[in-house]
Amino acid sequence: MDTIISFVGSIAPNAFAPIRREVSYLIRYERNFTKLSGSVRDLQALGEEIKHRVEAERRNGKIIEVVVQNWLVEVNEVIERANQLLEDPRRREVGCSGWSFPNLILRHKLGKKATKIANDVVEVKGRRSDFNDVGYLPALYEIAPSSATCVGEKFETRELFKEGILKALKDPKACKIGVYGFGGVGKTFLVNEVADIAKQQKLFDAVVIAHVSKTPDIKKIQEVIADTLGLTFGEVSTERRADRLKMRIKAEKSVLVILDDIWQKLDLVKEVGIPSNKEHIGCKLLMTSRTQDVLLQMDVKKDFTFRLKFLSELETWSLFQSMAEDVVNDISFKYVATEIAKQCKGLPLLIVTMASGLKSKDIYAWNDALSKLQNVGHEKMDVITHSALELSYNWLATDETKALFLLFAVLGEYDEDYLLKVAMGLEIFNNISTVDAARNRLHTIIGSLKASCLLLEGDKRSRRIQMHDLVRDVGISIACRNKDVYILKPKTGLKEYLTVDFPKMCSQIILNNCPLQELPKKLDCPNLKLFVLNSANRSLEIPDTIFDGIGSLKVLDLTLLNLSSLPTSFCSLTGLQTLCLDQCILGNMDIIGELKNLEILSLQGSSMMKLPSQIREMTQLRMLDLSHSGIEVIPPNIISSLSNLEELYMGNISIKWEDENSVEQKENDILAELQQLYKLTTLELQIHKARPLPYLNSMFEKLQRYKIAIGDVWEWSDINDTTLNTLMLKLDTSISSELGIKALIKGVENLYMDEVDGIQNVLYEMNGEGFPLLRHLHIQNNPKMKHIVYSMGRNQVHV
């Protein structure tokens, strides 16, 4: 008997648990529905929050995580089920039936369903903690870039050619594929189109493109490939980078690497870091070159080399018509236009440049062009090309445009900001009184050169000026002939060039990426105006006397050097307008104060203990660029003494103030100095401590271009568009008291906000017209801001 009782006692809890649960559906009916209703409200609020984050991340170019997308689907489904139950009309029948008793069967059924859905709601809500970030930035190879150039026509021969390349890419036997043909025939344009198709058809998990050129820069090639794949190098040497890059490429199941414009054999495995087919069967190479021989030397099988030929006569005329537009339909132009098109010999580069250059010219210019082309009609193709491109140069509208075209050619690929510094130093612009006006003129001229197809569209993110190598060769030829420009690539020193034949009257010397071991004691070039030394040897010594007697020098660029002290011959550079000491390690710079007429000083990316106090003597300075530099100390009263300063760049710098015990005071002292710069119109500034900014009201009102970060929560790299007026705010006080900040709001395009109080009051004071130019809004710890912006009718803003 005891055994039986013990047995029954042991099973009773388990036996009665289901009964208790079923009964609870009746007893706790109202409580279950109340719980369900509250859980649904919480989940709806959480779902809305995540939806807002998802929308913001999408607008910032991010891809939404699959787990987040699936979670939002589940949220919608469970909320829909809950709402159907909460709105079920049968709930009114639960209270009593026709016998005036509660409808226990229906009450039990609905109560059980409410409990089940409430548990589902809690379970879905709990999975929210499984993800922190709702989106991620895709690697650049996932974004199909625009390959738009001056050539936008589709021709049958080109379409068939692309089909052949794509067929080879799909062939498992083809690990290396080559395209060859004359310079300017359209190889680069074609492989870019192939890359776009490969991305659209998802033939590879990754597609990367790098330009090699006649003088390959291995580090640059590695960086371009790495950047596309989302890889950041920690290594310095090319060999270590090659190992790292190889590992990253092998991480992709299938990858297409396009190497454009190869002139000589390269060891891609050891030097660059592209794995061989044996190391990674999923890696394919597509290469372009001017000759088949180079491709064969790169181990491309002959069956997988494709020659890109000239356009047919019919295709030539079609392209010429599209570029010259309506003028060729005029009967008086018809004959000369068709003859000029024939003289272009089916070379797309010539067709687009000739047609673009002539379309605004009168009939006399057309006839003159035809006559000049006919005079070289039986020469080799390179002679014809040179002659035609030189004609395009001669047609450029102004001397400014011609001078800038030649400058772009001799300097190589630089960004617009650097070219502005050089062009202003050389005094290329006419009737320009401000730096901003010069920038506008530069941008306009770049646009006209692109319209003439003498410049390529290039990468808008980097804003680098890009030019076809044939166009560049012609530009260099003209510059060297007209201005005695020397672009040198010596392997050791300059002595072999400084002979009796060296033109002492030369005006420009360009030494880009040169592994020099020594420099001459003196440059005997009394007419020298531009000297550029981008050193591949950091330990290269600059002789003290090298610039003696060169008072004519206007622009001096010394990049990537260790300079324990500046040469004493700087005293001779009385006419210097622009000085660039970028990415240098700098020591004693006291002599820089002798450059009384200097207007532009760039120390971008350089390291130094202390900004020399002698800079305060350079009262003609109009632009000072300290961005990304490692300056440890800025002495007081330097910035404020530069009364003519128009542009100041101090972004991404962390300065250790002289008095470490009064950081706040020193930072405010710098702000006070800025207030005294009455001509300042451009400012990039990072203030790490959020504090009242009482000095900045009148100064901020004058700014036309700015990037200003205030607070310790921002990284300079967070700025997602370098061309927009950007304001990054975290304030310890209400924005209502910050008159200077309020002055910037009407011009801000890119706004970051963190814990900014009082923004509603500011908008009210401005009659709701705040942020009229706002394009991007980034909010953290201030969710109300989004609704404020939307209430202003700014739905197009990326939030």
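The second largest pocket in this predicted model has a volume of about 410 Å³. A pocket here is an open set of points on a 1 Å grid over the protein atoms alone, with protein on both sides within 12 Å along at least five of seven lines, and lining residues have an atom within 4 Å of a point. Volume is the space filled by probe spheres set on the points, which are joined across faces, edges and corners. Of its 22 lining residues, Lys176, Val269, Ser276, Met298 and Asp299 are the closest to the centre. Helix H9 (268-272) and strand E6 (283-289) are the elements that give two or more residues to this lining, and E6 gives the most, with three. Helices (H or I, at least four residues) and strands (E, at least two) are DSSP runs, numbered from the N terminus. By class, the pocket lining has 11 nonpolar, three polar and eight charged residues. Ala, Val, Leu, Ile, Met, Phe, Trp, Tyr, Cys and Pro count as nonpolar, Asp, Glu, Lys and Arg as charged, and the others, Gly among them, as polar.

A few words on conventions: residues are numbered from 1 along each chain as its sequence is written. Local features need pLDDT of at least 70 and side-chain atom pairs count only at pLDDT 80 or more, while totals for chains, interfaces and linings use all residues, and side-chain values use heavy atoms, with hydrogens and water left out.

The whole structure holds two cavities of 30 Å³ or more, a cavity being a set of points where a 1.4 Å probe fits but cannot get out. The second largest cavity contains about 30 Å³ of space, and its lining consists of Glu416, Asp417, Leu420, Arg439, Leu442, His443 and Arg463. Helices H17 (416-425) and H18 (435-451) each give two or more residues to that lining.

Here are two helix pairs, with axes fitted as lines to C-alpha atoms over the stretch in contact and angles running from 0 to 180 degrees between N-to-C directions.

| Pair | Axes come within | Crossing angle |
|---|---|---|
| H7 and H8 | 11 Å | roughly 25 degrees |
| H17 and H18 | 10 Å | roughly 115 degrees |

H17 and H18 are therefore roughly perpendicular (65 to 115 degrees). Their contact (heavy atoms within 4.5 Å) involves Glu416, Leu420 and Met424 of H17 with Val435, Ala438, Arg439, Leu442, His443 and Ile446 of H18. H7 and H8 are therefore roughly parallel (under 35 degrees).

Terms used. Angles under 35 degrees count as roughly parallel, over 145 as roughly antiparallel, 65 to 115 as roughly perpendicular and the rest as oblique.
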